[in-house]
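Biologist: I would like to learn how to read pockets in a protein model. Please start with the terms.

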Amino acid sequence: MLSVLSYGRLVARAVIGGLSQTDSRDYSLVTASCGFGKDFRRGILKKGMCYGDDACFIARHRSADVLGVADGVGGWRDYGVDPSQFSSTLMKTCERLVKEGRFVPSNPVGVLTTSYYELLQNKVPLLGSSTACIVVLDRQSHQLHTANLGDSGFLVVRGGEVVHRSDEQQHYFNTPFQLSIAPPGAEGAVLSDSPESADSSSFDVQLGDIILTATDGLFDNMPDYMILQELKKLKNSNYESIQQTARSIAEQAHVLAYDPNYMSPFAQFACDNGLNVRGGKPDDITVLLSIVAEYTD
C-alpha cells in the first residue's frame, strides 16, 4: 500500500507532467481568399472583399483571428435591389466590430447579432438578405468558435480527414436560413431569421489544422472528397501556398458549376427532393482557406 506521502508525490508528478505537456503558445490563422462571381470567368474582387453577391472579411485582434463569409440572396435583383450591398455591408460591419474589440471570441453569434441590428438602425434603409458564417480562433485557448446561419459553412481538416464541420440550415430545399431587411410594411412577406438562430459550436484546434470557410457556391459543386484531394496539395503554411490552394479549389468549383453533365452535390440534393436535376450549380463562389499556426507579431 502506498503511503500518503508517496501518493502525494505521484499526484504531484502527474500534475506537473500534465502541465509540461500543455501548449502555452498562442495560435493564429494564416488565411488566403479566392472566389468567382457567377457572371465572371475569372476570380475578380468586386467592391472590396466581394465575389459577385458574396462577401467576406478577414480581421485580426489581439485576442483572436476572425473570418466571415456571406451570400447575398440574388432574388432581390428582381426588385431593383443590388444583393451584394447587404452581404458586403454585413461583413464590413462585422470586420469593424472585431477591429474595435467589440466582441467576445467565444460568442461569434454576438458579432453577427450586433452587426445585423446596426444595419436595421441605419437611417437609410438597406434592403436585402444574406446567409452568414463567422469563424473565430481564440489565440490563447486554441478554441475555434463558430456561428453559421444558412448554407454557407466551414470544414476543419486534420490528417486528411474532416474532423469538424458546420451544419447547414434550410427551411426547405434551396431556401436557407437568412438575415433580411424588408421594405417598410413588407416585413411579414420576406423570409427573415433571427441571428440568434445561427448554429454555434466550439472546437479545440491543433497546429497544422486546415480550416476552409466558404459560401454554398463551393459546397453545392464540390463534395468533401474532392475538396480533400485539393487540400492534399497544401504542403506548408506559408501564405503563397495557401493562396495557390484556395485558388485551385475555387477554380475547380467554378468549372464544375458550368458542367451540364456533372452530378453535383446540389443536383443530388435536388433529386433527393423529387426534382430531376443534373449538372453543376452556377453561383458565386467564395473560399477562405486557413491554417492554424503559431502566433507571431
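Modeller: On a 1 Å grid over the protein atoms alone, a pocket is an open set of points with protein on both sides within 12 Å along at least five of seven lines, and lining residues have an atom within 4 Å of a point. Grid points are joined across faces, edges and corners, and a volume is the space filled by probe spheres set on the points. This model is predicted: local features need pLDDT of at least 70, side-chain atom pairs count only at pLDDT 80 or more, and totals for chains, interfaces and linings use all residues. Residues are numbered from 1 along each chain as its sequence is written, and side-chain values use heavy atoms, without hydrogens and water.

Biologist: What is the volume of the second largest pocket, and which residues lie nearest its centre?

Modeller: Its volume is about 420 Å³. Of the 22 lining residues, R165, E168, F219, D220 and P265 lie nearest the centre.

Biologist: Which elements give two or more residues to that lining?

Modeller: Helices (H or I, at least four residues) and strands (E, at least two) are DSSP runs, numbered from the N terminus. Here the elements are strand 7 (153–158), helix 4 (216–219) and helix 7 (265–272).

Biologist: How much space lies in the largest pocket, and what lines it?

Modeller: The largest pocket holds about 560 Å³ of space. Its lining has 27 residues, with G72, V73, G74, G75 and Q178 nearest the centre. Strand 4 (64–72), strand 5 (128–138) and strand 10 (175–176) each supply at least two residues of this lining.

Note on methods. 1 Å grid on protein atoms, 1.4 Å probe; cavity = no way out; pocket = protein on both sides within 12 Å on 5 of 7 lines; lining within 4 Å.
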